[in-house]
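Good morning, and thank you for coming.

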Amino acid sequence: MSQTITVNPVTRLEGHAKIVLDVDDNGNVLKGHLQVLEIRGFEKLVEKMELFKMPQIIARICGVCPAAHHLASVIAIENGLGIAAPEEARLLRELLYMGHILHSHTLSTFFLAGPDILRGIDAEPGQRNIFSLLALDPELARKALRLRSIGQLTVEAVGGRGVHPVAAIPGGMAARPTAEKLAQIAGWGREALVILDEVLPRVNKQLALLEELRPVALLPERSMSLTKEGVVDFLAGEAVVVNGTGGMERRFSAADYAEHLIEHVMPASYMKSVRLRAPDEISYFVGPLARLNVNNFFCTPRANAALQEFHAKGRPRLSALDHIEARLVEMLFCAERMSEIAAEELSGGPLRVAAEPREGRYAGMVESPRGLLIHDYTADATGRIREANLIVATQNNYDAIDSAITAVAGHFIPMKNDNQLMNGMEFALRCFDPCLSCATHTAGRMPMEVLIRRDGATLRTISRRLAG
C-alpha cells in the first residue's frame, strides 16, 4: 500500500503552499508535488482596465517583485506599439531594476534561505529563522539588512515608490532623479560592493557544508533565460533554451512565446506548470542559474570574472543549490551597474517618446529575480484589456521544483528523522526562491503540519507551530 506525506504549509517563502509526498510500502518516494493553496485572480481582475494603466495596476500582484511586473508591462505595451524608449529612459529602468534585483536576492539569500545555509539542514526549527541569525552573527545580519535597504532605496529613488514603482510609462520614464540623488545611488553601489566583499565568503563557506545535497537536488537538463547575444540582460533580448551539454535548442521572442510554451493545470494546485512544446513535452527551469548557464558574459568586470569562475566549476550546472551561488554573482553585477549608470552613463537626454493605446496584442518578457516573466495582453478598440495572460517564473520552475523535492525527500526519508526531512524539502524549495503571490492571492495559514496517510487514513501527524 502507498502512503502520502503532506507538509502544510511550507515556511519562509513568499506565499503559502504545501508539499505532498507519495511513498510506497517500503518508504521509497514515488513522487513529490508542490501544491499552491491560494487563488490566482489578476488575469481576470485586469479585464476592461485601461491598457496604459496596466504598469501601475499589475505591479500590485506582488510586494516582493513589483518592479519586475511594472517593467514587463511597460515593455509589453511598447512591443505592441512598435516603439522604443529613449536611451536615457532605458538606463533609468535598468538602474531601477538593479536595485530591485539586489533587494530581492538579498532577501532570498540571507532571510529566506539564510537560516538553512548558516544554521544547517539538521538545525532545530526554533533556530532556523532570522532572529536566530541575529543572535548567531549580528554583524552579518546588519550588513544583509543594509544591502536590502540599498536595493529598496534605489527603487524608490528611481521608480517613485519603494514597493510599487510608478515611474516607467509607455514610451519611457515619467521623471528622473536629481543629480544629487544619482550621486547618492552611485555611492550606494560602491558601498554594496564593499559589503558583498565582506559577506559573500561567509555564505560560500557555509554552502560548502551542504555539498552532499548538490548531486541529490538535480534539475531538468534544459535551462531557459533571456540573452542579448550571450550577455546577461534582464530587460532585453530573446529567450534561449540550452540543453544538458550547453547546446542551444531553441530561441524565441516575446511575440512567439505561445508557439514554444504550453501551460497545464496541476492537480490540487492553483498554479499552472509550463513546459516546452515538442512531440513529447519537455521540462526546464529558469532563474539565476539558468541565466548563468545560458549566457557567456556580464558587462561589468567583477561580475564577469565571477561568472567565469562559476563556469569553471561546470557548465551547465544543474543542481538546485547552484541557484544560491548564481544569486551571489548577480548581486555583484547589480552593485557594479548601479554605480556605473548613476555615476557615468546618464546624459540628461529625453525621457520619453509619444505613445497612444490602440487595439492589438501586447507581449513582453523580462528576467524577474526568479526567472523569465511573460506578460501578454489583448486590447480592444477603446484601449482596454480584453484578455491577459501572465507566465511567472515560479510557474516556469514548477516541474523543476517537484523534481528537486522528490529527490531530496528520497535522500532524507531513510534517515527516519522527521525534522531533517521537512527541513530538507523546504530548503530544496527555497533554492528556487518561489514567489507564489505572483500567481495567487488570498490569506494563508502559517503553522506547519505533516500528515502521513495510508489509503486516505491518517497514520500520524507531525506538527510545527510558529516555527521556521
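Predicted model: local features only at pLDDT ≥ 70, side-chain atom pairs only at ≥ 80, totals over all residues.

**Surface patch, sheet and rings**

L145 counts as partly exposed because its relative accessibility is 43%.

Let me turn to the sheet. In general, the strands of a sheet pair through backbone hydrogen bonds, in a parallel or an antiparallel sense. Here, four strands make an open sheet with mixed pairing, in the order β8-β7-β6-β11. Its edge strands, β8 (248-252) and β11 (284-285), each pair on one side only. Between β7, residues 238-242, and β8, the pairing is antiparallel and runs over four bridges. Within this region, A239 stands opposite F252 of β8.

I now come to the aromatic rings. How many aromatic pairs does a search of the whole structure find? It finds three. Y97 and F234 form an edge-to-face pair, with 6.2 Å from centre to centre and 65° between the planes. Y97 lies in helix α4 (residues 87-112) and F234 in the loop between β6 (222-227) and β7, so this pair ties together parts that are 137 residues apart in sequence. Both Y97 and F234 are buried.

F234 also forms a stacked pair with F333, at 6.2 Å centre to centre and 20° between the planes. F333 lies in helix α12 (residues 322-345), 99 residues apart from F234. Ring pairs link Y97, F234, F298 and F333 into a cluster.

Finally, R317 lies over the face of F310, at 3.9 Å from the ring centre.

Conventions
Residues numbered from 1 in each chain as written. Heavy atoms only, no water. Pairing = 2+ DSSP bridges. Helix = DSSP H or I, 4+ residues; strand = E, 2+ residues; numbered from the N terminus. Buried < 20%, exposed > 50% of the residue type's maximum accessible area, 1.4 Å probe, protein only. Phe/Tyr/Trp six-rings, centres within 6.5 Å; stacked < 30°, edge-to-face > 60°. Lys NZ or Arg CZ within 6 Å of the ring centre and 35° of its normal.
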